[in-house]
Amino acid sequence: MTQPTIAQKEVTLHILKRFGIRMSKKLGQNFLIDEHVVKSIVDAADIKPGDAVLEIGPGIGTLTQGLAEAGAQVTAVEIDRRLLEVLSKTLEGYENVRVVHGDILRINIAETVGAPQYKVVANLPYYITTPIIMGLLEARMPIDVLVTMVQKEVAERMVASPGTKDYGALSVAVQYYTKAEIMFVVKPDSFIPPPSVDSAVIRCTVREKPPVQVNEKIFFRVVRAAFAQRRKTLLNTLKTTGVPIETLKIILEKTGIDGARRGETLSLDEFAALSNVWIQ
Ligand code: SAM
């Protein structure tokens, strides 16, 4: 080991003090201080020596160090310019880490990572969790698996089943692109500063082929409409697509789905059936 383990409270406080860093709430800076959590994240991603990994938001290098020690070839994208100097010190000696300054929502990820296939491993900034995950999935990046720390409540929405309160457009989208599972829950005292909510590590294994065959544009338009007004019946909420009610009734009849149901009770297969009739 070339450096002390960063994922410890005293080491993290020492680094922050040495570089005069005040953590930014706006950038979602909650740094991990629990080495068991770092190890469990690395294990959940099943990192093998030589694996290409994109890390989003390395902070002071806490998780980056765990990934590097496991032998990953890490590209770490950090938006906060102040942390670049810190990272160059805390990760000194790890030849398998490349830190890039940039906004993950703006950079050209394929060019930045430069690997034909890679894993995404991150303790995500919570203010942009959904745009990051959906952006990566919708762009069909060549990703095997995403192992990310998110708010527990968001993780629960990602894996939710039809008919539950957490089930929504995010659940359908994540489950369309991936097999998602919550790996473990992380308490606030594993971070500095402690966030106000519990967190969870979720593993999303990208599917080679979606579980249903659809025209994606129409499928996601129907999904968004079905969840647009959760209190309304499916028939009424689908009106937000602009399709006349008589046509909607025919579409529903063809698929055998009762328009009196709520949108949030529909399975992925049922959304697929609806959208496939939509285009005919
Ligand atoms: N990986 C570190 C850890 O586990 O302790 C830090 C995680 S912290 C929750 C999120 C990190 O993402 C911060 O370092 C923050 O500056 C960075 N960040 C926030 N917005 C970002 C963006 N748009 N692009 C890249 N990094 C971002």
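Colleague: How far apart do the C-alpha centres of domain 1 and domain 2 lie?

Modeller: The C-alpha centres of domain 1 and domain 2 are 35 Å apart. Domain 1 covers residues 9–206 and domain 2 covers 216–278, with bounds that come from an automatic or database domain assignment. This is a predicted model, in which local features need pLDDT of at least 70 and side-chain atom pairs count only at pLDDT 80 or more, while totals for chains, interfaces and linings use all residues. Residues are numbered from 1 along each chain as its sequence is written, and side-chain values use heavy atoms, with hydrogens and water left out.

Colleague: How many residues of domain 1 are in contact with domain 2?

Modeller: On the domain 1 side there are 13 residues in contact with 12 residues of domain 2. Contact means heavy atoms within 4.5 Å.

Colleague: And what does the chain come to in helices and strands?

Modeller: The protein chain has 12 helices and 9 strands. Along its principal axes, the C-alpha trace spans about 70 × 40 × 30 Å.

Colleague: In which order do the strands of the open sheet come?

Modeller: The order is S4-S3-S2-S5-S6-S9-S7, which is 7 strands with mixed pairing. Strand S4 (97–101) and strand S7 (178–186) are the edges, each pairing on one side only. Two strands pair if DSSP finds at least two bridges between them. Neighbouring strands are turned by 20° against each other on average, direction ignored.

Colleague: In what sense do S7 and S9 pair?

Modeller: S7 and strand S9 (residues 199–206) pair in the antiparallel sense, over 8 bridges. As an example, Glu181 has Arg203 in S9 as its bridge partner.

Colleague: Which strands does helix H7 lie across?

Modeller: Helix H7 (residues 152–159) lies across strand S6 (143–151), S7 and S9, and runs at about 135° to S6. Axes are lines fitted to C-alpha atoms, for helices over the stretch in contact, and angles run from 0 to 180 degrees between N-to-C directions.

Colleague: A change of topic: how many residues has the largest nonpolar core?

Modeller: The largest nonpolar core has 59 residues, and Leu54, Ile56, Phe219, Phe271 and Leu274 have the most contacts inside it. Helix H9 (residues 216–228) gives the largest share, 8 residues. Both domain 1 and domain 2 supply at least three residues each. Such a core is a set of buried Ala, Val, Leu, Ile, Met, Phe, Trp, Tyr and Cys residues joined through side-chain atoms within 4.5 Å. Buried means under 20% relative accessible area, exposed over 50% and partly exposed in between, with a 1.4 Å probe and protein chains only. Apart from this core lies another, of 38 residues, including Leu67 and Tyr126.

Colleague: What does Phe271 touch?

Modeller: Leaving out residues up to four places away in sequence, Phe271 touches several residues, among them Tyr167, Phe219, Phe227 and Leu266. Phe271 has 0% relative accessibility and counts as buried.

Colleague: How many aromatic pairs are there in the whole structure?

Modeller: A search finds 7. Rings of Phe, Tyr and Trp (its six-membered ring) pair if their centres lie within 6.5 Å; planes under 30 degrees apart count as stacked, over 60 as edge-to-face and the rest as tilted. The rings of Tyr177 and Phe220 are stacked, because their centres are 6.0 Å apart and their planes are at 15°. Tyr177 is in helix H8 (residues 169–177) and Phe220 in helix H9, 43 residues apart.

Colleague: Why is the pair of Phe227 and Phe271 tilted?

Modeller: The pair is tilted because the planes of the two rings are at 45°, with centres 5.8 Å apart. Phe227 lies in helix H9 and Phe271 in helix H12 (residues 268–278), so the pair ties together parts 44 residues apart in sequence.

Colleague: Back to H8: how many of its residues are buried?

Modeller: In H8, 8 of the 9 residues are buried, so the helix is largely enclosed by the rest of the structure. The cover over these buried residues includes helix H6 (129–138), H7, S7, S9, H9 and H12. In the protein chain of 280 residues, 50% count as buried.

Notes. Helix = DSSP H or I, 4+ residues; strand = E, 2+ residues; numbered from the N terminus.
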